[in-house]
Amino acid sequence: MTSMKPTLTLDMFLEEGAAFEAISEQRPAVGANAAMRRAIDALAIAEEALRDDCPHARGRAASPTREGVQAGASIDVVVIGAGQAGLSVGYHLKKRGIRFVILEGAGRVGDTWRKRWDSLRLFTPAWLDSLDGLPFPAPRDYFPTKDEMGDYLELYAKHFALPVRTGVRVESVSRENERYVVQTTGGVYEAAHVVVAMANYQRRKVPDFARQLRADIVQMHSLEYRNPSALRPGAVLIAGAGNSGAEIAIELARRGHEVIMAGRGTGNVPYDIHGFWARFCLMRLLLRVFFHRILTVRTPFGRKMRAKVLHQGTPLIRVKPKELAAAGVERASRVAGVREGLPVLDDGRVLDVANVVWCTGFERGFEFVKLPIFEADGEPRHDEGVAVGEPGFYFVGTHFLYAMSSSMIHGVGRDAERIARVIAARCKRASQSDIRAHAHAHGSPSPRDLSLENPPLGTS
Ligand SMILES: Cc1cc2nc3c(=O)[nH]c(=O)nc-3n(C[C@H](O)[C@H](O)[C@H](O)COP(=O)(O)OP(=O)(O)OC[C@H]3O[C@@H](n4cnc5c(N)ncnc54)[C@H](O)[C@@H]3O)c2cc1C
């Protein structure tokens, strides 16, 4: 009885996914939202059944955002961030029966995706958008919208009852002897291990001279851009020629704005990601073979590329230069500064524009980590995610942590699993030395309970 109920949850979820697949094969234009909604509803119904019939499953089925470890608690692991990286770490820690909590600054799991611009679709098809243990509920070649990805992450946290505490922002992490002290907007946590689980895209990066732009010029970073309605009529400067810049530029040009996209080109993927060959083999070759297996810190070519990737933009993936040209987007050299309130390019040209969208990248936002583990350029010092010189500090999700795929949805699970394995081994060693110390002091084994707050997945 106990073991059948969680299967019911998964079966219902998968049935809904299959039903969606059947529907969307007939009507491919329909989004995955309806299927996702039905999957979430199915999950809620199954959870209801679990709560009613199976008291042992209560802990797993309860809302992850309402329950879990409270501030003030001492715990094995604090995971910071409940995006794909943090949830993946949570999944692998839970599988090993380790006590942990995931702290998330946003009000809702998946909000990082929901807050991206309205028309954004993932460049990875559904088969590359699944985290370990739960398939993305859409046909494999479907490109989800950003809201569908946000909903999938929320579903993932709920499905595995991961102990996420939303609305809790970490303000500082420091170490006192062998334990980490995590100060948050919701109180203090203490842990033997801390995982910073997030991509490098936490804060906008905008040049200082942006403040000198005329007040009537509407300016925003790509993190704030939602849709063309926020812009004034007239010309737009897109500062930055990476993926975000190219996608926003083409959207605005098609809405009738004169668009100038400034910045050095980053190259482009030489095929159409929606085309037959991409679906048939090129996406697999590029993302699963090249990005995941070849470009890693364990290959000479990977190490060479890592140095480049950390300091340059990635090539254009969906939008092609010829599409930008066809939409009327003008290319220009880098923005160098501001003259009399207007942006000026490094070839001296002054642009009389009504709007500027800064697609100039992001900062890591790791200032809350008060530990001596950063290089001069802000890059954390780590060995495949394990911080150098710290007894229990880790990173997951950052650019090229282990491979080019480390910050992508399909690549993060492998890193999360490796870090969970390291933590499990260190916890085991610590508990064995506890037992030895206790036995030495009292002549009997330690009562330390290891299994705890989060029963391993599949055991409840
Ligand atoms: C525009 C865009 C499109 C992308 N498209 C794709 C795609 O199609 N396919 C793909 O594989 N990858 C894509 N990526 C890359 C990557 O998958 C995403 O950036 C993804 O959001 C990274 O997930 P993450 O969990 O590592 O980090 P994040 O999504 O950034 O999650 C980190 C979480 O940590 C929280 N947090 C941050 N600081 C704190 C703190 N101090 N205290 C508590 N919580 C905190 C944040 O609120 C956030 O929820 C895209 C990236 C961008 C920018």
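## Overall makeup

Of the 460 residues in the protein chain, 40% are buried, where a residue is called buried if 20 or more other C-beta atoms lie within 10 Å of its own, exposed if 12 or fewer, and partly exposed in between, with C-beta atoms placed from the backbone. This is a predicted model, in which local features need pLDDT of at least 70 and side-chain atom pairs count only at pLDDT 80 or more, while totals for chains, interfaces and linings use all residues. Residues are numbered from 1 along each chain as its sequence is written.

The protein chain has eleven helices and 18 strands, taken as DSSP runs (H or I of at least four residues for helices, E of at least two for strands) and numbered from the N terminus. Among contacts between residues at least 6 apart in sequence, 68% join residues at least 24 apart; two residues are in contact if their C-beta atoms, placed from the backbone, lie within 7 Å.

## The ligand shell and helix α4

The ligand is surrounded by 29 residues, and the closest are Gly81, Gly83, Gly105, Leu122 and Gly397; a residue belongs to this shell if its C-beta atom, placed from the backbone, lies within 6 Å of the molecule. The elements that give two or more residues to the shell are α4 (84-95) and β2 (100-104), and α4 gives the most, with three residues.

Helix α4 is mostly covered, since eleven of its twelve residues are buried, including Gln84, Tyr91, His92 and Lys94. At 1.5 Å a residue, its twelve residues should span 16 Å, and the end C-alpha atoms are 17 Å apart, which agrees; the expected span is 1.5 Å times one less than the number of residues. The helix is followed by Gly97, whose phi is positive, near 70°.

Strand β9 (residues 236-239) runs parallel to β10 and is joined to it by four bridges, two strands being paired if DSSP finds at least two bridges between them. In this pairing, Ala239 stands opposite Ala262. Strand β11 (residues 330-332) also pairs with β10 in the parallel sense, over three bridges, and there the bridge partner of Ala262 is Ala332. Together with helix α7 (residues 243-254), β9 and β10 make a right-handed β-α-β unit; right-handed here means that, with the strands pointing away from the viewer, the path from the first strand over the helix to the second runs clockwise.

## Strand β18 and its surroundings

Strand β18 (residues 393-396) likewise has both faces covered, with Phe393 and Phe395 buried on one side and Tyr394 and Val396 buried on the other. Four bridges join β18 to strand β6 (residues 187-197), the two running parallel, and Ala197 has Val396 as its bridge partner in β18.

His382, in strand β16 (residues 382-383), counts as partly exposed because it has 19 C-beta neighbours inside 10 Å. Its C-alpha atom is separated by 7.7 Å from that of Tyr394, twelve residues apart along the chain, and, leaving aside neighbours within four places in sequence, His382 is in contact with Ala387, Val388 and Phe395. Leu371 lies in the loop between β15 (362-363) and β16 and, with 17 C-beta neighbours inside 10 Å, is also partly exposed.

Most residues other than glycine have a negative phi. Glu340, in the loop between β12 (335-339) and β13 (342-345), has a positive phi near 50°, and with 8 C-beta neighbours inside 10 Å it counts as exposed. Phe400, in the loop between β18 and α11 (409-442), also has a positive phi near 50°, but Phe400 is buried, with 23 other C-beta atoms within 10 Å.
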